[in-house]
Amino acid sequence: MIRVENLGITFGRGSDAVHAVRGVSFEVGEGENFGLVGESGSGKSTVLRAIAGLNDNWSGRIVIDGVELGAKRDRAFHKRLQMVFQDPYGSLHPRHTVNDILKEPLSIHGFTDTENRILKALSEVGLGPEFRFRFPHQLSGGQRQRIAIARALILEPSVLLLDEPTSALDVSVQAEILNLLARLREEYGLTYIMVSHNLAVVAHVCQRIAVMNRGLFVEEITQEQLRSQTPEQGYTRQLLTASLGYDRAKIDEFVEFT
Amino acid sequence: MATKTLLDIENLNVSFDTPKGIVEAVRNVSFTLGQERLGLVGESGSGKSQTGRAILRLTASQGHISADKMDFDGIDLINADEKTLRGVRGSRISMIMQDPRYSLNPIMTVGHQVAEAYLVHSKSSKREARERAMEMLKTVHIREPEKVYKLYPHEVSGGMGQRIMIAMMLIPDPDIIIADEPTSALDVTVQLQVLALLDDMVRDRGMGLIFISHDLSLVASFCDRVLVMYGGQIVETLDAKALHEAKHPYTQGLLNCLPRLDGSHKILPVLERDPAWMIAQDTRP
Amino acid sequence: MTTSNTLRAWLLSDSPDSAFQARCQRFYLGWRVFRSNPIALAGFIIIATLLTVALLAPVLTTSDGTLQILSDRLQPPSASHWFGTDELGRDIYERIVWGSRVTLYIVSLVAVIVVPIGLFIGTVAGYVGGWVDNLLMRLTDIFLAFPRLILALAFVSALGPGLENAVLAIALTTWSPFARIARAEALTIRNSEHIMAARVQGASSMRIIIHHVTPLCLSSMIVRLTLDMAGIILTAAGLGFLGLGAQPPLPEWGAMISTGRNYLLDQWWVPTIPGIAILVVSMGFNLLGDGLRDVLDPRSGD
């Protein structure tokens, strides 16, 4: 479904150039939930953004559903692939009502039956019509993220890119959103690429996981390997140990992986 | 090790006036802090941060604090005047906040800020303060302290920034540290390294630590005791090792809805909030 | 009492039923913040008074302020002439009242020209960046370099004196800072996640600039405008003083000071009272601007 080959992303030019991502390759099958994990600076969000078309300065090949992507994205692409961002407080425009937010993608792509689609999108994510004219500051974090998901799904895409969708949410709300995302994926046969730094979340929902460190690809592991804590690379093992909680003795053994 | 009680709080209440009415952020909170690591856990809106701020009377001006008792080493914090409080804040009770990018002064070198923290609370020369600051940077495991001393906050990484914050807060040798989500903005490996540092410092100096966080499992693995907050109240007090024996349905619900690394929670049960949990309790010991 | 209660409930409810209700609610909450600031309220009252006086001018006066009764010239304030009369026997009170319309006309016309231009240039420059940004900012710099009064003078001498030309001249020298403010805001906003979300949906740059960037720049524009009002009024008064703005017999306050300046020592009321009017209105706008900034500052929450 999605194939990324030798992806490289650079910021800046000439001597100031920063190679944020180098030589990353992976494949995602249709209907799969693929995880992309790493710490800050690993380049995982950068990879996602390059796929979404938010980044022009990339090299390599990206193929989605048989179509190879060029430098610019066309309208058809946007109907096929959408994105949910991390910060529910930043990804909704503070001066737009929920109605405005959900209407926008419909207006851009020329849909006319907006009222129905908006109400349907709201109920899909478990929100009633009374939320329609609220402003983002009148919504809780979980509700905002639901709106963000509704906005991503209203164009009926087949691929959803999720950039840390629950990192800014309370634990109990995270559970609701993860359940919602799982249900939607099953119901609509969606393909997900989920970026996260939280290994427990990834172990819960992703079938295959790519691990990144400092812009480079470390390894690809299966959900089974993650859950049984049997990755191959030392970096991944250290990450797993750290995810298990505070253990003073183990912390002394942490090393820097460059 | 016999721990003496450093902080004794009884029936702390914090409320705010808003256009839509009075919001009670903290209700009937009572607990004691010894020379231990006490975790204060809750989701957003639980009142945990407001509790931490109220101890140092740092609540915003529209807030009202009241308590039957808020004693620190014989000082009545509730009724103390500003002068007494200034003597307590920073030098006897310190606070570490979440993001060093925002809590460090962006136009001062980090070394200077640590030295200033020393100068403010003791009568010493600038040179002595500088020396103490350099020592402190070494204590928090910063390599090449001479080089780091001259850096500005935007030039240091998140983990290093938090170490610097810890250095700043510890240099006056306080009795209590209140840490409000000190590691939430950090990567997981760095998080643990910073916590290890805090752990060592607290143990070596016999300090009390109040660790405020939303991360229940992290708090349980790091602290000695855990207080779970919901709706402004403490709903459960536990020994960290006895977390699995939690009795309150909210705590149990929180534990259940955490995804597990070993995948043992197949479908995350949704936390059903019982309105009964919001009813004011009497938690006086 | 119940009607005001239901209105209040309607304004504070958490689930608005329509876009109209939602926007009314935002306005109401902003108004409450505004109302609690005495300085802002003072500014608001002054400007509201200006508006009311201008609106009710026909009601508040008996003539249009141009009636000359030469035998009555230079009379001090009295019961029959509240502010006295000027050198041509015209009632100063009536000229002040009608002059408020002229003042409002000037500031509205300038605002209507300056804000859209500044917004458009600033947001496009800030959002698009690159050579477009450079070009637009150099253009802005050129206009920024001219001292306001001098350019206004040059313009008016070229086009001829008159109120509209004076307004145009003032507008030309006022729009640059607005463009800069809009650009500064746009630079910060363009990295927001809601902009990224819009791009991922396939929104064109123009749509993003108009629907996403501009609404967030409006607050600082409004604040800047109210704070600039004082300057605009004074420049117009200055032009009027030099005889280049409003032409007689139009009761423009600056022109009134100019024609009355010879009488400052013996008949102080002739130039002083229009001067006080200008002072009060300028201050009103300043206070209003300060108050609005407190309300509209995004950092203080919504």
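These legends describe close-up views of a predicted model.

**View 1. The overall build of chain A.** Chain A has 10 helices and 10 strands. Its radius of gyration is 19 Å, close to the 18 Å that the globule rule gives for 258 residues, so chain A is as compact as a globular protein of that length. Along the principal axes, its C-alpha atoms fill a box of roughly 55 × 40 × 35 Å.

**View 2. Burial and contacts in chain A.** Of the 258 residues in chain A, 48% are buried. Now take the contacts in chain A with a separation of 6 or more. Residues 24 or more positions apart account for 66% of them.

**View 3. The largest nonpolar core.** This core holds 234 residues. Six residues touch the most other members: A:Leu161, A:Val202, B:Val114, B:Ala167, B:Phe211 and C:Ala166. Helix 10 of chain C, residues 205–241, gives the largest share, 15 residues. In soluble globular proteins, nonpolar side chains tend to be buried together.

**View 4. The surroundings of C:Ala166.** Set aside residues up to four places away in sequence. C:Ala166 then touches C:Ala152, C:Val156, C:Ala236, C:Leu239, C:Leu244 and C:Gly245.

**View 5. C:Val115 in its helix.** C:Val115 lies in helix 5 of chain C, which covers residues 92–128. Beyond its neighbours within four places in sequence, C:Val115 is in contact with C:Phe178, C:Met221 and C:Leu225. C:Val156 sits 41 residues from C:Val115 along the chain, and their C-alpha atoms are separated by 22 Å.

Key
Residues numbered from 1 in each chain as written. Chains lettered and ligands numbered in written order. Predicted model: local features only at pLDDT ≥ 70, side-chain atom pairs only at ≥ 80, totals over all residues. Helix = DSSP H or I, 4+ residues; strand = E, 2+ residues; numbered from the N terminus. Rg over C-alpha atoms; globule rule 2.2 N^0.38 Å. Buried ≥ 20, exposed ≤ 12 C-beta atoms within 10 Å, placed from the backbone. Contact = placed C-beta atoms within 7 Å. Core = buried A, V, L, I, M, F, W, Y, C linked by C-beta atoms within 7 Å.
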